[in-house]
Amino acid sequence: MTIEEPRDAATDERDDAITARATLFVGATQVVTCEGPARARRGGEMADAGIRRGVSVAVAGGRIAAVGDQSVLERTYPGAEVVECGGRVLAPGWVDSHTHAIFGRPRADEQELRAAGVDYLEIARRGGGIHASVRDLRERSDDALHALALGRLRRLAAYGTTTVEIKSGYGLTVEDELRTLAVIRRLAATLPMRLVPTWLGAHEIPLEARATPAARNRYVQMLVHEMLPRVAAGGLARFADVFCEPGVFTLDETRTILTAARAAGLLLKLHADELAPGGGAELAASLGATSADHLGAVTAAGIAALAGSGTVATLLPGTMLFLGRRTQAPARELIEAGAAIALATDFNPGTSPTPNLPLVLTLGVSQLRLSVAEAVIAATVNGAAALGLAEAIGQIAPGFSADLALYDVEDVRELPYWYGDRRCVGSWVRGKPCSQFDLAIT
Ligand code: NIG
Ligand code: FE
């Protein structure tokens, strides 16, 4: 099972089997609870990360049981295992709600091309970019893809990430997209992390479908009538996503694909207004998408549409940094308009090959001008909301899954401060160890 539904009986049973004993996390300088409503935080609600000092956290049955005084929790949970946090900071595991983590070779060559003045979409027009990763993925076995992704996802975990959304989108044939999603399912059974699969058959018009408008249209029709039904029937994805961008999928094509996906029972995401404004944010809001992602070139109308909708604005500042863009998404305008913002890595071989979510927090503060609390909420509660999981993960509060990370810092503000450094010393998913370094567990 890749997705945990909130407070579901089967999950409770399994969690009880996993964790017979309770666990107490004691001795943290700060517990960053993010406690509050179990939904996206918007506007001014993002300003409070619920930081508490002098408290311990009890975990039982894979969930947070209580947050409070150590001696009280010790009496309530006699015989509990104790994790000594040693004056460090305990926080919810990061929810990385936007990645393209299934790919073959790195595309380091394109970085130099961009430095020499060839831009991202021009590289794609020359058959590189996403097309290069598509050629590569089609030649690799499922086992090879699984092995590559396994190592890469462990790197994400090492920075404190406990939930990762992963998109397909480097296959672009029925067979290659389905096997990408099957690899994600297999990874979810292998890794302790929580993985959320997204179907992105509309990541790019493949080279073989670009010769004529009719060929292009046949690809879109194939997505809707052939690929999507197979994805839905196999229960292989929670979300459908489209790269809606001038030069990639048009607004009309995006609407066609996502309307069909919604009818097939999938939740929706869009790559919207990434590099040029195209009405993607407005379309996301009107379709009731769970999130609109990128938004580097969103217009005032797009900001207003998102603020007036339930769609989370997922910002990916690492992508703009890595592409050498001088602009960033208008995070402050979005928050001031009352929108909900999430932060994610966009981990992918072309535009953001970083596994480091705390680095994205740094960019959130230094480039998007978020407060530390806003950046933390964006990568926990609002990341969860961008996956439709805000009732299950993202908070250290009773009833939430015990997805935790411990950092070798004394104050949460040091997480974006020591930029690029890896301060995570341990993480847990459903109360079970996920990534562990130098912890003292008694
Ligand atoms: O989110 N924008 C489209 N997709 C990715 C890039 C994928 C690639 O270049 O391989 C993104 O930036
Ligand atoms: Fe992306």
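This is a predicted model: local features need pLDDT of at least 70, side-chain atom pairs count only at pLDDT 80 or more; totals for chains, interfaces and linings use all residues.

Q: Which residue is the bridge partner of A58?
A: A66, in β5.

Q: What's the order of strands in the eight-strand sheet?
A: β8-β9-β10-β11-β12-β13-β14-β15. That sheet is open too, and its pairing is parallel. The edges are β8 (94-96) and β15 (341-343), each pairing on one side only. Neighbouring strands are turned by 25° against each other on average, direction ignored.

Q: How many bridges join β11 to β12?
A: Six. They link residues 239-244 of β11 to residues 267-272 of β12, and the two strands run parallel. F239 has L267 in β12 as its bridge partner.

Q: How about β13 and β14, how many bridges there?
A: Three, again between strands that run parallel, with β13 covering residues 291-294. A292 stands opposite A313 in β14.

Q: Are the faces of β14 covered or open?
A: Covered, both of them. V312 and T314 are buried on one side of β14 (residues 312-315), and A313 and L315 are buried on the other. In a regular strand, side chains alternate between the two faces of the sheet.

Q: Staying in this sheet, where does E165 lie?
A: In strand β9, residues 161-167.

Q: Switching to the metal. Which residues coordinate the iron ion?
A: H98, H100 and H271, each through NE2, plus D346 through OD. The distances are 2.1 to 2.5 Å.

Q: How are those donor residues spaced in sequence?
A: H-x1-H-x170-H-x74-D.

Q: Why does H98 count as buried?
A: Because its relative accessible area is 0%. H100 counts as buried as well, at 2% relative accessibility.

Q: On to ligand 1. Which residues come nearest?
A: Y120, Y170, H203, E274 and T351 come nearest, out of 15 residues around ligand 1.

Q: What polar atoms of ligand 1 do Y170, H203 and T351 lie by?
A: Take them in turn. Y170 has a polar side-chain atom 2.6 Å from an oxygen atom of ligand 1. For H203, a polar side-chain atom is 2.8 Å from a nitrogen atom of the ligand. For T351, the distance from a polar side-chain atom to a ligand oxygen atom is 2.7 Å.

Q: How much of ligand 1 does the protein cover?
A: 100% of the 330 Å² of accessible area that ligand 1 has on its own.

Q: Last one. Where is E391?
A: In the loop between α16 (381-385) and β16 (404-407). E391 counts as partly exposed, because its relative accessibility is 45%. Its C-alpha atom is separated by 9.1 Å from that of V381, ten residues apart along the chain.

Terms used. Residues are numbered from 1 along each chain as its sequence is written. Chains are lettered from A and ligands numbered from 1 in the order in which they are written. Side-chain values use heavy atoms; hydrogens and water are left out. Two strands pair if DSSP finds at least two bridges between them. Helices (H or I, at least four residues) and strands (E, at least two) are DSSP runs, numbered from the N terminus. Donors are N, O and S atoms within 2.8 Å of the metal (3.2 Å for Na, K and Ca); water is not among the atoms, so sites may look incomplete. Buried means under 20% relative accessible area, exposed over 50%, partly exposed in between (1.4 Å probe, protein chains only). A residue is near a molecule or strand if one of its heavy atoms lies within 4 Å of it. A polar contact is a pair of N or O atoms within 3.5 Å; within protein, one must be able to donate a hydrogen and the other to accept it, and residues adjacent in sequence count only if both atoms are side-chain atoms. Accessible areas come from the Shrake-Rupley method with a 1.4 Å probe; for residues, only the protein chains shown count as cover. Axes are lines fitted to C-alpha atoms, for helices over the stretch in contact, and angles run from 0 to 180 degrees between N-to-C directions.
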